[in-house]
Amino acid sequence: DEDPDPTVFMLECPDFFPLAAPDASTKWVLCCSAMGSSAKGYMNRNDHNAGYIIGTWNPGEAFRPETAFRPLDCGANYYAPQSFEVNGRRIMYGWMSPFSGNAPMQSDGWCGQLTLAREVFLGEDGDMYTSPVPEVDCLRINAVSHSNRSLEPNEESLIAEDAEAVEIELNINLKRTTAERAGLKVHATSDGSYTYVALDMQTGTVFI
């Protein structure tokens with residue numbers, strides 16, 4: 001098949017599998033990586049897109065799409081995902097690597113790695129969702145729980161200090177905020193540098 005975007009020159013690493021729908025029917029999902037797709041709004045801002053199309057299929061017949069091509073991940077490093085079934089669960093890995101410019105790992109003699117395993121399923125709305133497999137919870141060693149706290153405008157609160165490898169679960173009560181932005185500053189250094197992961201209420205997006 002061909003992508004409707006004329007700038008796409010290859011649909012790489014296809015993966016085709018069934019998923020159970022909420023109404024007990026079976027849907028088929030076609031995953032592929034659209035190389036060369038042009039940017040449209042927030043879509044396709046990453047150079048190499050991995051996405052999916054949901055539809056129906058029967059042996060000997062053509063695949064009938066019911067959705068447009070949707071991204072599996074809006075990040076820049078989720079490519080060529082492949083899946084397999086384990087005890088009725090659909091598990092998916094992607095390839096995580098910077099594909100353009102001078103990749104830092106090139107001088108070390110390696111190229112990318114597999115992403116965290118994700119479980120793939122259809123939600124109540126019929127769309128496909130992914131979440132980290134619950135087995136990764138076994139990697140947790142120590143847990144620290146912070147009580148509910150409120151922040152004033154421009155106020156910050158320290159969550160973890162001198163943390164080399166930390167998993168943070170953050171719940172933001174959107175019904176009790178008028179903030180335009182709220183988020184986390186990670187990898188903060190003494191010179192004032194940091195990576196900001198935040199929710200922008202005006203655009204309705206999470207950004208880094």
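**Note on the predicted model: a surface patch, strand pairing and selected residues**

1. I159, V166, I168, L170, I172, L174 and M201 make up a nonpolar surface patch of about 540 Å². Patches are built from residues with over 30% relative accessible area and no salt bridge; like charges are joined within 9 Å, and nonpolar side chains (Val, Leu, Ile, Met, Phe, Trp, Tyr) within 5 Å. A salt bridge is a side-chain nitrogen of Lys or Arg within 4 Å of a carboxyl oxygen of Asp or Glu. Accessible areas come from the Shrake-Rupley method with a 1.4 Å probe, and for residues only the protein chains shown count as cover.

2. The model is predicted: local features need pLDDT of at least 70 and side-chain atom pairs count only at pLDDT 80 or more, whereas totals for chains, interfaces and linings use all residues. Residues are numbered from 1 along each chain as its sequence is written, and side-chain values use heavy atoms, with hydrogens and water left out.

3. One member of the patch, I172, lies in the loop between β10 and β11. Strands (E, at least two residues) and helices (H or I, at least four) are DSSP runs numbered from the N terminus. I172 is partly exposed, with a relative accessible area of 35%; buried means under 20%, exposed over 50%, and partly exposed in between (1.4 Å probe, protein chains only).

4. A182 belongs to strand β11 (residues 181-186) and is partly exposed, at 26% relative accessible area. Neighbours within four places in sequence aside, A182 is in contact (heavy atoms within 4.5 Å) with I172, Y196, A198 and L199. Between A182 and V197 the C-alpha to C-alpha distance is 8.6 Å, with a sequence separation of 15 residues.

5. E169 is placed in the loop between β10 (128-132) and β11, and it is exposed, with a relative accessible area of 65%. The side chains of E169 and R140 are joined by a polar contact of 2.8 Å. A polar contact is a pair of N or O atoms within 3.5 Å; within protein, one must be able to donate a hydrogen and the other to accept it, and residues adjacent in sequence count only if both atoms are side-chain atoms.

6. Strand β3 (residues 48-56) is largely enclosed by the rest of the structure, because nine of its nine residues are buried. Both of its faces are covered: H48, A50, Y52, I54 and T56 are buried on one side, and N49, G51, I53 and G55 on the other.

7. Strands pair if DSSP finds at least two bridges between them. Strand β2 (residues 26-35) runs antiparallel to β3 and is joined to it by eight bridges, with M35 opposite H48. Strand β5 (residues 70-71) pairs with β3 in the antiparallel sense over two bridges, and there G51 stands opposite P71. Strand β4 (residues 64-65) also pairs antiparallel with β3 over two bridges; G55 has P65 as its bridge partner.

8. Strands β6 (residues 79-86) and β7 (residues 89-96) are antiparallel partners over six bridges, including the bridge between S83 and M92. These two strands form a hairpin with two residues between them, and N87 in the turn has a positive phi of about 50°.

9. Three bridges join it to strand β9 (residues 118-122), where R118 is the bridge partner of M92. Two bridges link β7 and strand β8 (residues 113-114), with M96 partnered by Q113.
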